Amino acid sequence: MTYLENIGAYFLMVVEMFRKPTKWTVMKTLILKDIDDLIIGSIGIVAFISFFVGGVVTIQTALNITNPLIPQYLVGFATRQSVILEFAPTFISIIMAGKVGSFITSSIGSMRVTEQIDALEVMGINAINYLVFPKFIALMLYPFVISIAMFLGILGGMAACVYGGFTSMEDYIIGIQTDFIPFHIIYAFAKTVVFAFVLATVPSFYGYFMKGGALEVGKASTTSFVWTSVIIILLNYILTQLLLS
Amino acid sequence: MIVVENLEKSFGETKILKGISTSFEKGKTNLIIGQSGSGKTVFLKCLLGLFTPDSGTISYDGKMYSQLSDNEQRDLRGDMGMVFQGSALFDSMTIAENVMFPLRMFTKQSKSEMQDRVNVVLKRVNLPDAHQKMPSEASGGMQKRVAIARAIVNNPKYLFCDEPNSGLDPKTAIVIDNLIQEITKEYDMITMINSHDMNSVMEIGEKIIFLRNGIKEWEGTSDDVFKTDNEALTDFVYSSNLFKKVRAAQLKENS
């Protein structure tokens with residue numbers, strides 16, 4: 001029953017997010033601040049993880065190709081497919097659920113605990129629009145982060161491949177160009193936009209509706225991370241089934 | 001004038017407010033007193049529109065809150081100022097930005113006009129040089145004064161204060177009390193204060209409402225509080241050792 005109530009409350013929150021909009025001059029500042037916090041602030045960690053995980057994917061693939069009949073360029077091909085189809089959109093989104101999601105839940109939760117949300121409501125401000133909408137707009141730039149992750153993942157793979165002595169640069173480049181299907185990029189970015197929506201709204205929901213004190217803010221952040229990850233993984237399955245099968 | 005009639009509010013099975021009726025006049029500081037759990041905060045939040053009452057009515061200068069459209073309720077809230085128990089300042093903004101916030105949200109003033117108004121109200125609450133400080137750098141008393149400045153910056157008709165003295169030393173508490181009373185007269189507002197503090201009752205309470213278990217147990221002026229024979233109120237007022245001693249001295253004098 002609680003789950004059903006939460007699902008209902010979540011969708012009502014999403015509807016409320018678009019109602020009674022905050023004055024544009026104020027909203028503009030909030031959006032820019034959230035772009036800085038959520039997008040620009042995430043590029044470093046995303047770049048670092050993407051580069052090295054791309055390298056590891058390449059090494060693992062190369063080490064598992066022992067049959068001499070399998071062409072060497074397959075390493076590049078496998079890296080590209082793994083990075084573009086799953087690693088960049090899904091794996092990075094799970095990481096972002098931890099980084100960005102916890103930040104959103106704890107910042108909104110702290111505002112709830114210290115009555116700042118009540119202060120907004122008393123002033124007649126739609127607190128959900130004021131707090132959640134700028135995050136939603138900021139995270140619409142999330143595909144930009146994912147494109148960086150894709151590029152650096154493939155680049156990391158190339159570095160590991162060439163400097164680790166697994167294949168030549170030429171083979172790797174042939175691999176990443178082989179059987180390229182442009183729709184895979186559309187599929188990856190379609191997933192990314194859906195995950196961005198989840199990343200903006202689910203952690204906001206757990207922050208906004210939390211009750212209690214500082215301890216509960218921590219608990220809400222943990223719960224938010226768990227549920228954001230679960231929803232991303234479930235949606236990943238559904239979208240893959242719908243778009244690729 | 002704010003008129004409350006037969007206000008009731010429950011949370012689940014627990015009835016918090018049990019048919020409260022009262023009224024609050026312009027230019028007066030009204031104190032709502034009572035023990036923790038007596039329903040003071042719920043009553044204040046119903047007045048603010050943060051809680052929807054189960055039954056009963058609240059009208060603000062003849063406008064029945066429950067009958068107003070969303071936009072009208074929003075406009076009415078623009079006429080309300082609130083000082084929260086914990087000040088509720090936006091911790092990502094400077095003190096000046098906090099005070100300017102209602103102006104940015106609800107007026108079309110230019111930046112310089114807003115800055116002028118912020119200067120006026122910060123000066124009024126005796127914080128003329130605190131503009132660029134963050135709330136975390138301010139003391140409890142300063143934070144309360146900033147909260148008062150933010151509440152009055154938009155010239156509200158109604159000012160609500162939830163335990164404005166909690167966590168303050170007695171001297172600062174008196175400064176805050178006096179500031180609220182002076183501002184109430186100056187801006188000709190209706191001010192409602194939730195308080196446990198008997199000093200506030202004596203200092204600034206022009207009308208006192210005593211809540212007990214969700215019922216309005218007693219209503220009167222600050223002078224009446226010390227003459228009443230209402231046992232529950234007497235018990236509440238004289239629960240502190242200091243007031244017990246004052247009471248004992250009074251009784252001795254009378255006898």
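Two strands pair if DSSP finds at least two bridges between them. Helices (H or I, at least four residues) and strands (E, at least two) are DSSP runs, numbered from the N terminus. On these terms, B:E8 stands opposite B:K18 in β2(B).

This is a predicted model, in which local features need pLDDT of at least 70, side-chain atom pairs count only at pLDDT 80 or more, and totals for chains, interfaces and linings use all residues. Residues are numbered from 1 along each chain as its sequence is written, while chains are lettered from A and ligands numbered from 1 in the order in which they are written.

**Confidence**

The predictor assigns the complex an ipTM of 0.80 and a pTM of 0.84. pLDDT is the predictor's confidence in each residue, from 0 to 100. Chain B averages 87, and 98% of its residues score at least 70.

**The two chains**

A residue is buried if 20 or more other C-beta atoms lie within 10 Å of its own, exposed if 12 or fewer, and partly exposed in between; C-beta atoms are placed from the backbone. Two residues are in contact if their C-beta atoms, placed in that way, lie within 7 Å.

| Chain | Buried residues | Contacts at least 24 apart, among those at least 6 apart in sequence |
|---|---|---|
| A | 42% of 245 residues | 89% |
| B | 40% of 255 residues | 66% |

Chain A has 9 helices and 0 strands. Its C-alpha atoms fill a box of roughly 70 × 40 × 35 Å along the principal axes. Chain B has 10 helices and 10 strands. The C-alpha trace of chain B spans about 65 × 40 × 30 Å along its principal axes. The radius of gyration is taken over C-alpha atoms, and the globule rule is 2.2 Å times the number of residues to the power 0.38. For 255 residues, a compact globule would come near 18 Å; chain B has 19 Å, which agrees.

**Sheet and hairpin in chain B**

An open sheet of 6 strands runs in the order β6-β7-β8-β3-β9-β10 (chain B), with mixed pairing. β6 (80-83) and β10 (215-220) of chain B each have a single partner strand, so one side of each is left without a neighbour in the sheet. Neighbouring strands are turned by 20 degrees against each other on average, direction ignored. Axes are lines fitted to C-alpha atoms, for helices over the stretch in contact, and angles run from 0 to 180 degrees between N-to-C directions.

β6(B) pairs with β7 (residues 158-162) of chain B in the parallel sense, over 4 bridges. B:V83 has B:C161 as its bridge partner in β7(B). Helix α5 (residues 140-152) of chain B packs on the sheet and touches β6 and β7 of chain B. The direction of this helix makes about 175 degrees with that of β6(B).

Strands β1 (residues 2-11) and β2 (residues 14-24) of chain B run antiparallel, joined by 8 bridges. They form a hairpin with 2 residues between them. In the turn, B:G12 has a positive phi of about 65 degrees.

**A buried alanine in chain A**

A:A196 lies in helix α8 (residues 182-208) of chain A. This alanine counts as buried because 25 C-beta neighbours lie inside 10 Å. Residues up to four places away in sequence aside, A:A196 touches A:L139, A:M140 and A:Y142. A:A196 and A:M140 are 56 residues apart along the chain, yet their C-alpha atoms are separated by 6.4 Å.

**Interface**

12 residues of chain A are in contact with 14 residues of chain B. Helix α4 (residues 116-122) of chain A gives the most to the chain A side, with 5 residues.
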